[in-house]
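Please read them alongside the coordinates.

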Number of protein chains: 2
Amino acid sequence: MLPFFKYNWQVRADYFDLLRTVPYEEIYKKRIGGVGSIAYTLYHIIDVEYNWLITDLNQQPEIEWHFEDFKSLMDIQRFSEERHPTVAAFVAQYTEGGDEQKLLTSEKPPLKYGEVMRHVIAHEIHHIGQLSIWVRELDLKPPTANFIRRDFF
Amino acid sequence: MLPFFKYNWQVRADYFDLLRTVPYEEIYKKRIGGVGSIAYTLYHIIDVEYNWLITDLNQQPEIEWHFEDFKSLMDIQRFSEERHPTVAAFVAQYTEGGDEQKLLTSEKPPLKYGEVMRHVIAHEIHHIGQLSIWVRELDLKPPTANFIRRDFF
């Protein structure tokens, strides 16, 4: 499962790089579909990844943050980088042997760890697909979404 | 790996269902980003999946087809359903034990089977993310992209 996460982290970093010179207005502009803006999409990916993996699966205390506090793409990138070591450490020690473990919530039937891990992976890929459209609308070439030919496999 | 493929196949079927009543012009309309239209995106997903898994990994003879021959969404859906049993049989027998096997092409360094399998998975999720934006532009609600709470995990 780790290669999928590494893929997502590389692609996410590529988007932060690409978008660095795009004006604030375009980054925060409300768009049709997805979660509504480039900024909110990136924030949402990081938020969802952290909450599922660390708060839910790893049962660490919830940390509250608010999108309104992120005033620039750089704030969001810093958020990503700050959360990353905790997330990466959790993913690194995860094995598929844990896939059948049940998440302790009131949800019936309970979610399984393997299901949530894959949900987080698919979640980011899906939202990056949305960003790739918006980036083209800005006349930019989106970072490659290819999984092949990366140095981590 | 199978659950990711099942996810992609369910979501793909959901899109075919959703788009059934959308006029031809909207399905084939050239759009900004991705591979250019809803029709071509769906065709491309099926084509790429078949070619990587069956022609490349499973080393079966290449079958040539041309997008121009697909005159409607129903043609593309039929294409998907016709290719599906072969693809599903290959995925069903695949195990991660095969991940390190090298693909026999002139490419250096050679691609590995596990890398290509994951590429195909990410490829479809990424393109479906793009479709989700275009579908919203048609004032339709895209099918859920959630991986959790499906009956196959």
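1. Pro109(A) sits in the loop that runs between helix H4 (73–93) and helix H5 (113–137) of chain A. The peptide bond joining Lys108(A) to Pro109(A) is cis, with omega about -10°. In chain B, Pro109(B) is in the loop between helix H4 (73–93) and H5, and the bond from Lys108(B) to Pro109(B) is also cis, omega being near -10°. Helices here are DSSP runs (H or I, at least four residues), numbered from the N terminus.

2. This is a predicted model, in which local features need pLDDT of at least 70 and side-chain atom pairs count only at pLDDT 80 or more, while totals for chains, interfaces and linings use all residues. Residues are numbered from 1 along each chain as its sequence is written, chains are lettered from A in the order in which they are written, and side-chain values use heavy atoms, with hydrogens and water left out.

3. Gln59(A), in the loop between helix H3 (38–57) and H4 of chain A, has a positive phi near 55° without being a glycine. Gln59(B) has a positive phi of about 55° and lies in the loop between H3 and H4 of chain B. Gln59(B) counts as exposed because its relative accessibility is 52% (exposed is over 50%, buried under 20%, partly exposed in between; 1.4 Å probe, protein chains only).

4. Asn8(A) belongs to helix H1 (residues 2–19) of chain A. Its relative accessibility is 2%, so Asn8(A) counts as buried. Beyond neighbours within four places in sequence, Asn8(A) is in contact (heavy atoms within 4.5 Å) with Val120(A), Ile121(A), Glu124(A) and Ile125(A).

5. How do the axes of H3 and H5 of chain B cross? They come within 10 Å and cross at roughly 175°, the axes being lines fitted to C-alpha atoms over the stretch in contact, with angles from 0 to 180 degrees between N-to-C directions. H3(B) and H5(B) are therefore roughly antiparallel (an angle over 145 degrees). Among the residues that meet are Trp52(B) and Leu53(B) from H3(B), and Met117(B) and Val120(B) from H5(B).

6. The contact between the chains takes 36 residues from chain B and 36 residues from chain A. About 3200 Å² is buried between them, 70% of it from carbon and sulfur atoms; buried area is the accessible area (1.4 Å probe) that two parts lose on being put together, summed over both. On the chain B side, His126(B), Ile133(B) and Phe153(B) lose the most area to chain A, together 21% of what that side buries.

Methods
Helix = DSSP H or I, 4+ residues; strand = E, 2+ residues; numbered from the N terminus. Parallel < 35°, antiparallel > 145°, perpendicular 65-115°, else oblique.
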